[in-house]
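Take a minute to look over the sequence and the model before reading on. Here is a short briefing to go with them.

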Amino acid sequence: MGLTTQLSNPKTAIVYASVFAAFLPSDSSLTFKVVIALLVFLIEASWYALVAIVLSASKPRNLYLRGKAWFDRAAGGVMMALGIKLVTSYEGT
């Protein structure tokens with residue numbers, strides 16, 4: 001069910017497409033693009049599998065649930081800082 005949810009989420013595709021468009025060379029080969037896509041899939045699948053395995057145990061799950069609001073705030077703060085850094089580092093042409 002998690003895989004179906006992730007694959008059907010258009011935000012995921014939009015984020016990766018924008019990151020690829022911004023950071024990958026436009027003249028890269030098809031092989032390079034396929035390898036990058038496979039690496040992203042491997043990293044994502046490994047991460048979500050690790051999270052599922054860790055949070056399937058009651059002690060880590062309860063620890064996460066107790067601190068969920070703070071974990072979410074910290075992640076939001078990191079995303080805001082990255083966004084601010086991106087906006088302030090733009091060098092207009």
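Predicted model: local features only at pLDDT ≥ 70, side-chain atom pairs only at ≥ 80, totals over all residues.

Residues are numbered from 1 along each chain as its sequence is written, and side-chain values use heavy atoms, with hydrogens and water left out.

**Overall build**

- You'll find four helices and zero strands here (helices are DSSP runs of H or I with at least four residues, strands are runs of E with at least two, and both are numbered from the N terminus).
- Starting at the N terminus, the elements go α-α-α-α.
- The radius of gyration is 17 Å, while a compact globule of 93 residues would come in near 12 Å (it is taken over C-alpha atoms, and the globule rule is 2.2 Å times the number of residues to the power 0.38).
- The C-alpha trace spans about 50 × 35 × 20 Å along its principal axes.

**A look at α2**

- α2 has 14 residues and should span 20 Å at 1.5 Å a residue, which agrees with its end C-alpha atoms being 20 Å apart (the expected span is 1.5 Å times one less than the number of residues).
- Asparagine 9 caps the N-terminal end of α2, with a side-chain oxygen 3.0 Å from the backbone nitrogen of lysine 11.

**The largest pocket**

- A pocket is an open set of points on a 1 Å grid over the protein atoms alone, where a 1.4 Å probe fits, with protein on both sides within 12 Å along at least five of seven lines; lining residues have an atom within 4 Å of a point.
- The largest pocket has a volume of about 440 Å³, which is the space filled by probe spheres set on the points, joined across faces, edges and corners.
- Its lining has 16 residues, with Gln6, Leu7, Thr12, Phe41 and Glu44 nearest the centre.
- α1 (2–7), α2 (10–23) and α3 (30–55) each give two or more residues to this lining, and α3 gives the most, with six.

**The second largest pocket**

- The second largest pocket holds about 240 Å³ of space.
- Its lining includes Val15, Phe23, Met79 and Lys85.
- α2 and α4 (58–88) each supply at least two of the lining residues.

Conventions. Polar contact = N/O pair within 3.5 Å; in protein donor to acceptor, adjacent residues only side chain to side chain.
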